[in-house]
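This report goes through selected local features of one protein model. The sequence and structure come first, and the description follows.

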Amino acid sequence: MSRPWRNAALAGAVALLLGGCTSFADTVTAPTSATASPAPAPAGDDASCGERARPDPDRPRIALDFRLADDLRTVTGTQTVSFTPDLPVEELVFRLVPNGPDVSAAGSRLVVDAVRGDDVAGSGYELLGASDPGGAYVVELDEPLEAGETTEVELDFTLTLGTGEFERVGADEGVSWWASGAPLLAWEPSVGWARDPFVPVSGETTVSPAADTTVRVEAPADLTVLMTGAQAEPTAVDGEERRIWTSTEPVARDVSVAVGRFTTAEATTPGGVRVTAGALPEAEPTAGELADATVEAIADLEEFLGPFPYETLTVPQLPDYGGGIEYPSSILQASPSRQVLVHEVAHMWFYGMVGNSQFRDPWLDEAFATWAEAVVNPSSAEDLEPALGVRGDVGVAMDEVRTQQQYVAYVYGKGGATLMAAREAAGADGFDAAVRCYVDATAWAIATPDDVADALADLPEALEVLGEAGALDD
Ligand SMILES: [Zn+2]
């Protein structure tokens, strides 16, 4: 996520460091065991990091079916989840992100209408500091599910889209969007269910596993859908009054959908990533310009982070509310800023591929995305430097910051500045190689600060900088 505050701070030109890209195909054809999690290699020795880790073959399978009503403000849906935990469980916990304080303040609301499943014994809401009817929906099983066993549940839900502003759910003239718009499976593999409270600070607080996901969206025929996953051509239904759009994404932690009067443009990276950008009527930049800028951002980031994690990326541009919000293989771009775009594309590695608890360790996605943006863009790096002097720990959890300003200053500002300082202390080549090892070792899993420390083990100068800033334990 990138908030409006950054636009003023990060004015300046993006340096276009175009360079060689590694093919996405290289990663999907690499021979490695499905559960392999390669050990981090000695820093500076990129080649010995091992292959990028593969997704868990037992990850959840999720089918999402959304229907946008003709009022363009109501979405009814059904989610089918096939879940195989790696720990015994007695319930399934779904996080209702639209009921969190920031999203619900704009009038958005998510209600579960029905739940079905052979193993379902009951269900109900938990508040978790969210608005009515609650921040979580808990489905109780009739008997405990052992690790490795599978259960399937189906949830019907109704989502109300609030007014258009800088949020993950909303509607404005000619455009509707919902991200985290369905009950989100709040499972952290090998840890358990996440029941973290919602907080007044505006930012993400979820953790969810990469899931083999399909999405179906039915919408009025005159609107275009841009969403997470590789999209197929739409098909007409209801006497051509409405169209059905589908997509597949085998490793999605969550899903974003935007529906509007988009003009679209496509561009493909040298590595074969298909980018689709969408612009609303009379918007700037145009869809073509946005697609080209996205391809450039991917190229800049692939230089030091390795192959882009997904086969596709969609970038619907919303009205200019300022900022951007990242989702797996899709970005809600709400600012005509290239810096924001680079930040959100960096999140495809940090959050999309390398997952984290955004409640417990928000710096693992936000500080690293801010750092990656600064590596690409020298003016972003200059803007960050003063943040190194901020008093406060980079490694705070979301309930340890009292204000929005603290959250931004500790996690984004000081977090990004600290990673830049660690890079300088250890040497850019060695540091970047170690980060690349961290990224590949923790791909498609939920990373922790210990994984960062392991990857930097041979760079004591970097560890010292991160320890002093309260990112890692001393
Ligand atoms: Zn961000």
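Where is the place of P285? P285 is in the loop between strand 20 (274-279) and helix 4 (287-305). Helices here are DSSP runs of H or I with at least four residues, strands are DSSP runs of E with at least two, and both are numbered from the N terminus.

The model is predicted, so local features need pLDDT of at least 70 and side-chain atom pairs count only at pLDDT 80 or more, while totals for chains, interfaces and linings use all residues. Residues are numbered from 1 along each chain as its sequence is written, and side-chain values use heavy atoms, with hydrogens and water left out.

**Backbone features in loops**

P285 is joined to E284 by a cis peptide bond, with omega about 0°. Another cis peptide bond runs from D132 to P133, with omega near 5°. P133 lies in the loop between strand 5 (120-126) and strand 6 (136-145).

| Residue | Phi | Loop | Relative accessibility |
|---|---|---|---|
| L72 | about 60° | between strand 1 (61-68) and strand 2 (74-83) | 21% |

Burial is judged by relative accessible area: buried means under 20%, exposed over 50%, and partly exposed in between, with a 1.4 Å probe and protein chains only.

**The zinc site**

Which residues coordinate the zinc ion? The donors are M1 through N and O, H343 and H347 through NE2, and E366 through OE, at 2.0 to 2.5 Å. Donors are N, O and S atoms within 2.8 Å of the metal (3.2 Å for Na, K and Ca), and because water is not among the atoms, sites may look incomplete. Along the chain, the spacing of the zinc donors is M-x341-H-x3-H-x18-E. H343 and H347 are both buried.

An open sheet of 4 strands has the order 8-9-18-14, with antiparallel pairing. Strand 8 (169-172) and strand 14 (224-227) are at the edges and have a single partner strand each, so one side of each lacks a neighbour in the sheet. From one strand to the next, the twist averages 10°. Two strands pair if DSSP finds at least two bridges between them.

Strand 8 and strand 9 run antiparallel and are joined by 4 bridges. V169 is opposite W178 in strand 9. The hairpin of these two strands has 2 residues between the strands, and in it G174 takes a positive phi near 75°.

Strand 9 (residues 175-179) pairs with strand 18 (residues 256-260) in the antiparallel sense over 5 bridges. Across this pairing, V175 stands opposite G260, S176 opposite V259, and W177 opposite A258. Strand 14 is joined to strand 18 by 4 bridges, and the two run antiparallel. V225 has V259 of strand 18 as its bridge partner.

How many residues of strand 18 are buried? The count is 5 of the 5 residues, so strand 18 is largely enclosed by the rest of the structure. S256, A258 and G260 point one way from strand 18, V257 and V259 point the other way, and all are buried. Strand 9 is mostly covered as well, with 5 of its 5 residues buried. On one side of strand 9 are V175, W177 and A179, on the other S176 and W178, and all are buried.

**A helix pair**

Two packed helices are described by the angle between their axes and the distance between the axes. Helix 6 (residues 363-376) packs against helix 9 (residues 428-441) at an angle of about 140°, with their axes 14 Å apart. Axes are lines fitted to C-alpha atoms, for helices over the stretch in contact, and angles run from 0 to 180 degrees between N-to-C directions. Helix 6 and helix 9 are therefore oblique to each other; angles under 35 degrees count as roughly parallel, over 145 as roughly antiparallel, 65 to 115 as roughly perpendicular, and the rest as oblique.

L364, F368 and W371 in helix 6 meet F431, D432, V435 and Y438 in helix 9, where contact means heavy atoms within 4.5 Å.
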